[in-house]
Amino acid sequence: MITGTELLQKLYSEGYYIEEQREFGIKDWGKSISNGIKNWRVNRLKKSISKAKQSRASTQKKINELDSKVIQNPKLERAIQREAINERAAVIKGNGNSTEVLIDPDIKSNKLFQISSANISKRDKKKLRNLLKDRDYQVNYNRDKGGPASLAHEIGHIKAMNDPGEAGKISRDVNSRVRHKVFENDTTIDKGNNRREWDDSVIKERKLERKQLIENEKDASNRGLELMKKSGASKEEIKHAKKTLKLARKDYKNLGDIYVNTAKIKKINPGELLDD
């Protein structure tokens, strides 16, 4: 256990100045130490966030390098897409890879309205509407980002969400709520008309959401790899997919760490400004 003297020495060594007791009273001196400790803890957490962001940039660079070497295999893609149809999903060409849940009638109606208002030809509008109107999921797929592995991973998410047990319930919650929260990493704590404090319950909640997100990604990757094998992927394609999906999970872990550490900083000092 660190002693008071050791703590003061550590604070001094890291650039924190604690006013001498003779210049202030005991109460002021204690307050100065308390503020110094808070600053030290906040800066430690900020360094962790900065490190996670640097790791994300490095990880994305490695993913991009793997994407440039991805094996394009239309036959494998078609086999995976047939599985998507079995899971009531439609695969649409997109800028990235993601899955939209359309089970809620209001969400489905809004999606179909967006298509009607989109700046595309009438023929494409009709094609998209017919494709999505009887589907529960829309998979946005960019073959240049991960290739068949990314498509299989998204179908893995859908298979998990269609699981009738507890795993399916958690997966649906992660994909409809938790993922958005972690990516957005909102630094406010407003919940409707009730203002919550940045306390241990918020940190505990975020730790659970981080764990659920990472486990959900791992599960989708495992399901996706099994689907690739079932669909006829070669050993080389499976090896490449494992590398890409492992890096993607690392990126999610870094996102989760940033998400949790943001709450820890806000608990110490709610007014602390954080870098974007």
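**Entry 1: the cavity lining.** I looked up which helix gives the largest share of the lining of the largest cavity in this predicted model, and found that α9 does, with three residues. I took a cavity as a set of points, on a 1 Å grid over the protein atoms alone, where a 1.4 Å probe fits but cannot get out, with lining residues having an atom within 4 Å of a point. Helices are DSSP runs (H or I, at least four residues) numbered from the N terminus. The lining consists of Val70, Ile71, Gly146, Pro148, Ala149, Met228, Glu237, His240 and Ala241. Both α6 (148-161) and α9 supply at least two residues each. By class I noted six nonpolar, two polar and one charged residues; Ala, Val, Leu, Ile, Met, Phe, Trp, Tyr, Cys and Pro count as nonpolar, Asp, Glu, Lys and Arg as charged, and the others, Gly among them, as polar.

**Entry 2: cavity volume.** I recorded a volume of about 70 Å³ for the largest cavity, a volume being the space filled by probe spheres set on the points.

**Entry 3: α7 and α9.** I found that the axes of α7 (residues 166-184) and α9 (residues 235-268) come within 8 Å and cross at roughly 70°; axes are lines fitted to C-alpha atoms over the stretch in contact, with angles from 0 to 180 degrees between N-to-C directions. Therefore α7 is roughly perpendicular to α9 (65 to 115 degrees). Arg179, Lys181, Val182 and Phe183 of α7 make the contact with Tyr252, Leu255, Gly256 and Tyr259 of α9 (heavy atoms within 4.5 Å).

**Entry 4: conventions.** Residues are numbered from 1 along each chain as its sequence is written, and side-chain values use heavy atoms, leaving out hydrogens and water. The model is predicted, and local features need pLDDT of at least 70, side-chain atom pairs count only at pLDDT 80 or more, and totals for chains, interfaces and linings use all residues.

Note on methods:
Angles under 35 degrees count as roughly parallel, over 145 as roughly antiparallel, 65 to 115 as roughly perpendicular and the rest as oblique. On a 1 Å grid over the protein atoms alone, a cavity is a set of points where a 1.4 Å probe fits but cannot get out, and a pocket is an open set with protein on both sides within 12 Å along at least five of seven lines; lining residues have an atom within 4 Å of a point.
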